[in-house]
Amino acid sequence: MSRSIPFNRPCLTGNEYQYISQAIANGHASGDGPFTRKCHEFLEKELQVGKVLLTTSCTHALEMAALLIDCGPGDEIILPSFTFVSTANAFALRGARVVFADIRPDTMNLDESRLEPLITKRTKAIVPVHYAGVACEMDAIAEIAQKHGVPIIEDNAHSLFARYHGRYTGTFGCLAAQSFHETKNIICGEGGALLVNDRDLVERAEIIREKGTNRSQFFRGQVDKYTWVDVGSSYLPSDLLAAFLLAQLEARQEIQKKRRRVWEYYYQHLQDWAQETGVRLPFVPAGCEQSFHMFYLVLPSLDHRQALVSHLKSEGILSVFHYTPLHLSRMGQKFGGEQARCPVTEEISDCLLRLPFYNDLAEEDQARVVAAVKAFSMERPALVL
Ligand SMILES: Cc1ncc(COP(=O)(O)O)c(C=O)c1O
């Protein structure tokens, strides 16, 4: 059998080893060293965000966001059911009730037309997820949020450098969470960032990230000793990880160019086939500049999806499904989730399949993926065991 094609492969850009060696030589392997500062400055300048704080993961950035809005029992958080568990868990951890919104069938993003009826006087935040690097309808979501005085926290895990009507995603909410997990566009293994767009939250964000202490103020010489001033935890990554991340951030144009090529190859070569077979390809609305995070197919049924996964596997190609509906999970049911509550989420969860996607995916390998997809019989899906 020919060489197998993985779903994801972490790709280096060249300076990672050198920067990590430098970080070791600096003698500052813990958090908030010179490389962390450079990553902060890079992201603040690039995204035009008031304050960026690297975190150990996007999960932890979301947990910080929950602490920053004082989320607690009695509060409700609206988020799409079609998302990663951390989007919900961060708020459930604080005792809040998660309210599941359904998604749009075209972008898989929170359906803004179904958002308003979910808002109650207990709604503490709305958490849109920009799925696959394509922005949610932020104008409509922001209008509803503003009308009801509810803050927005963006889960921007997939969407660093995506734009909505010219403005970067991650800059619409009072807070936004970023992921640098090895499956993302820009990586450091495990890592994340909190984008703080609301100035009033900056000081407390620094404190929460530093175990509830005012250590950051101490290092800036603003206080003469540091002490326990609030709740918090240890959310700052080692400077070794920041060194890795800086190398990736600096190569961001090259990375995005490569990912754009991969995405466009799939789109161009599968477009006609998709039209003939009724398979849906990703949709990018006018006004959205995507981040080229992934490429997916939406098959006509669960049987088709499972059969295609097996067929590709038999060809040595790893394709994967994505989120299972959170509202139907054991935890989700505790928040009132039940069958048919979010029908689009349920359908997409059954039918969506992600194709291999990474920066250095060779064109000849993509050609193999495309040929294998096209060779799949849509007529009578049969599982290849
Ligand atoms: C939408 C979304 N949010 C949050 C996360 C969590 O990211 P991390 O692994 O950096 O905690 C993921 C992970 O893939 C995700 O897909």
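The model is predicted, and local features need pLDDT of at least 70, side-chain atom pairs count only at pLDDT 80 or more, and totals for chains, interfaces and linings use all residues. Residues are numbered from 1 along each chain as its sequence is written, and side-chain values use heavy atoms, with hydrogens and water left out.

The ligand is surrounded by 15 residues, a residue being near a molecule if one of its heavy atoms lies within 4 Å of it. Thr-59, Asp-155, Ser-179, Lys-184 and Tyr-323 are the closest. Polar contacts are pairs of N or O atoms within 3.5 Å. A polar side-chain atom of Thr-59 lies 2.5 Å from an oxygen atom of the ligand, and one of Ser-179 lies 2.8 Å from an oxygen atom of the ligand. For Asp-155, a polar side-chain atom is found 2.7 Å from a nitrogen atom of the ligand. The ligand taken alone exposes 400 Å², of which the protein buries 91%; accessible areas come from the Shrake-Rupley method with a 1.4 Å probe.

The space taken by the ligand is the largest pocket. A pocket is defined on a 1 Å grid over the protein atoms alone, as an open set of points where a 1.4 Å probe fits, with protein on both sides within 12 Å along at least five of seven lines; lining residues have an atom within 4 Å of a point. A molecule sits in a pocket if more than half of its atoms lie within 2 Å of its grid points. The largest pocket contains about 510 Å³ of space, a volume being the space filled by probe spheres set on the points. Its lining comprises 31 residues, and Phe-84, His-158, Thr-183, Lys-184 and Tyr-323 are the closest to its centre. This lining has 12 nonpolar, 14 polar and five charged residues.

The second largest pocket contains about 430 Å³ of space. Of its 21 lining residues, Asp-32, Arg-37, Arg-209, Ser-216 and Phe-219 lie nearest its centre. Helix 2 gives the most to this lining, with five residues. By class, three nonpolar, seven polar and 11 charged residues line the second largest pocket.

Technical notes:
A polar contact is a pair of N or O atoms within 3.5 Å; within protein, one must be able to donate a hydrogen and the other to accept it, and residues adjacent in sequence count only if both atoms are side-chain atoms. Ala, Val, Leu, Ile, Met, Phe, Trp, Tyr, Cys and Pro count as nonpolar, Asp, Glu, Lys and Arg as charged, and the others, Gly among them, as polar. Helices (H or I, at least four residues) and strands (E, at least two) are DSSP runs, numbered from the N terminus.
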